[in-house]
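Colleague: I would like to learn how to read the side-chain features of a model such as this one, taking the core, the aromatic rings and the charged pairs in turn. Could we go through them together?

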Amino acid sequence: QVHVAESGGGLVQTGGSLRLSCTASGHTESIYDMGWFRQVPGTGRNFLANINWNEGTTTYASSVKGRFTISRDSAKNTVYLQMNDLKPEDTAMYYCSAAPRPASYIDWGQGTQVTVSS
């Protein structure tokens, strides 16, 4: 099993930036990719971006492409989500997850809250 823990959320003004971190522990050798998602209360959890753990290839949702950047530091078992030009509609709880197979996200963190004020 892989454990992941997010950090870096907070309150930011419109147009500002934040960098979220997600550190994995446990059986990290089983990770195929790691992804970032977000969820607003009363709605589903939405995919934002993922990164292949070994190859570093990335995929983005169209809603954040060009504003958000996912990256990894394999030595630290950490994945980052750099978020720029934040908008009030980016306000959500942000979650990180590890997948042992493509698109099979089974290990989730507790989330980190991002609030963008207008």
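Modeller: What follows is a walk through those features in a predicted model.

Colleague: If I take Y94 as an example, with which residues is Y94 in contact once neighbours within four places in sequence are left aside?

Modeller: With those neighbours left aside, the contacts of Y94 include F68, L81 and M83, and also E6, L20, F37, R38, L48, G111, T112 and V114.

Colleague: Is A49 buried or exposed, and what does A49 touch?

Modeller: A49, which has its place in strand β5, has a relative accessible area of 0% and is therefore buried, the cut-off being under 20%. Not counting residues up to four places away in sequence, A49 touches M34, G35, W36, T59, Y60, I70 and L81.

Colleague: How is a pair of aromatic rings described?

Modeller: The description rests on the distance of the centres and the angle of the planes. A search of the whole structure finds four aromatic pairs here. One of them joins Y105 and W108, whose ring centres are 6.5 Å apart and whose planes stand at 55°, so this pair is classed as tilted. Y105 is buried at a relative accessible area of 16%, whereas W108, at 32%, counts as partly exposed. Y105 and W108 also belong to one aromatic cluster with F37 and F47.

Colleague: Which charged side chains lie over the face of a ring, and over which rings?

Modeller: R45 lies over the face of W108, at 4.6 Å from the ring centre, and R19 lies over the face of Y80, at 4.1 Å from the ring centre.

Colleague: What should I look for in charged side chains that pair with each other?

Modeller: Side chains of opposite charge can pair when their charged atoms come close. In this model the count comes to three salt bridges. In one of them the side chains of D90 and R38 meet at 2.8 Å, N to O. D90 lies in the loop between β8 and β9 while R38 is in strand β4, so this pair ties together parts that are 52 residues apart in sequence.

Colleague: Which other salt bridge does D90 form, and what parts of the chain does that pair link?

Modeller: The side chain of D90 also meets that of R67 in a salt bridge, again at 2.8 Å, N to O. This pair links the loop between β8 and β9, where D90 lies, with the loop between β6 (58-60) and β7, where R67 lies, the two residues being 23 residues apart. D90 is buried with a relative accessible area of 0%, and R67 is buried with 12%.

Colleague: How far apart are the closest N and O atoms of D85 and K87?

Modeller: They are 3.5 Å apart, and D85 forms a salt bridge with K87. D85 counts as partly exposed at 38% relative accessibility, as does K87 at 27%. Salt bridges that share partners join R38, R67 and D90 into one network.

Note on methods: Residues numbered from 1 in each chain as written. Predicted model: local features only at pLDDT ≥ 70, side-chain atom pairs only at ≥ 80, totals over all residues. Heavy atoms only, no water. Contact = heavy atoms within 4.5 Å. Helix = DSSP H or I, 4+ residues; strand = E, 2+ residues; numbered from the N terminus. Buried < 20%, exposed > 50% of the residue type's maximum accessible area, 1.4 Å probe, protein only. Phe/Tyr/Trp six-rings, centres within 6.5 Å; stacked < 30°, edge-to-face > 60°. Lys NZ or Arg CZ within 6 Å of the ring centre and 35° of its normal. Salt bridge = Lys/Arg side-chain N within 4 Å of Asp/Glu carboxyl O.
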